[in-house]
Amino acid sequence: MIQQQQQLNKLSLDFMATVQKLEASSAGWEALSSKLSDSIKELGDVQNWANAIETDLQTISAEISKVTGK
């Protein structure tokens, strides 16, 4: 009976150590996921900026064409 209790205690300690490692790993994945999400949002911002610049340049080009008659 004592031997079984000792085995259970050891298994419990091993389990707790594994849970702690899993918690640390999960925290790392969560941080990485957050960084990835932020990067994707930044890419969207850059895309929106590029679209705005493209529209502005097209407008400028059209106005120059009107002025120069080309």
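Biologist: What should I know about the model before I start?

Modeller: It is predicted, so local features need pLDDT of at least 70 and side-chain atom pairs count only at pLDDT 80 or more, while totals for chains, interfaces and linings use all residues. Residues are numbered from 1 along each chain as its sequence is written, and side-chain values use heavy atoms, with hydrogens and water left out.

Biologist: How many helices and strands are in the chain?

Modeller: Helices (H or I, at least four residues) and strands (E, at least two) are DSSP runs, numbered from the N terminus. Here the chain has one helix and zero strands. Helix H1 covers residues 2–68.

Biologist: What radius of gyration does the chain have?

Modeller: The radius is taken over C-alpha atoms, and the globule rule is 2.2 Å times the number of residues to the power 0.38. A compact globule of 70 residues would come out near 11 Å, but this chain has 30 Å. Along the principal axes, the C-alpha atoms fill a box of roughly 100 × 10 × 10 Å. Ser37 and Gln58 are 21 residues apart in sequence and 32 Å apart in space. Val67 and Ser25 are 42 residues apart along the chain and separated by 63 Å.

Biologist: What share of the residues is buried?

Modeller: Buried means under 20% relative accessible area, exposed means over 50%, and partly exposed is in between (1.4 Å probe, protein chains only). In this chain, buried residues make up 0% of the 70. Take two residues of helix H1. Ser37 lies in the helix and has 32% relative accessibility, so it counts as partly exposed. Val67 is also placed in H1; at 72%, Val67 counts as exposed.

Biologist: How much accessible surface does the chain have?

Modeller: Areas come from the Shrake-Rupley method with a 1.4 Å probe; for residues, only the protein chains shown count as cover. The total is about 6600 Å², and 62% of it belongs to carbon and sulfur atoms.

Biologist: Which residues make the nonpolar surface patch?

Modeller: Patch residues have over 30% relative accessible area and no salt bridge; like charges are joined within 9 Å, nonpolar side chains (Val, Leu, Ile, Met, Phe, Trp, Tyr) within 5 Å. Val46, Trp49, Ile53, Leu57, Ile60 and Ile64 make a patch of about 600 Å².

Biologist: How many salt bridges are there?

Modeller: A salt bridge is a side-chain nitrogen of Lys or Arg within 4 Å of a carboxyl oxygen of Asp or Glu. The count comes to two. Asp14 pairs with Lys10, with the closest N and O atoms 2.8 Å apart. These two are four residues apart in helix H1, so about one helical turn separates them. Asp14 is partly exposed, at 37%. The other bridge joins Glu63 and Lys66 at 3.4 Å, N to O. Both lie in H1, three residues apart, about one turn of the helix. Glu63 is partly exposed at 40%, while Lys66 is exposed at 63%.

Biologist: How many positive and negative side chains does the chain have?

Modeller: Lys and Arg count as positive, Asp and Glu as negative; His and the chain ends are not counted. Each charge is placed at NZ of Lys, CZ of Arg, CG of Asp or CD of Glu. The chain has 6 positive and 9 negative side chains, and the centres of the two sets lie 5 Å apart.
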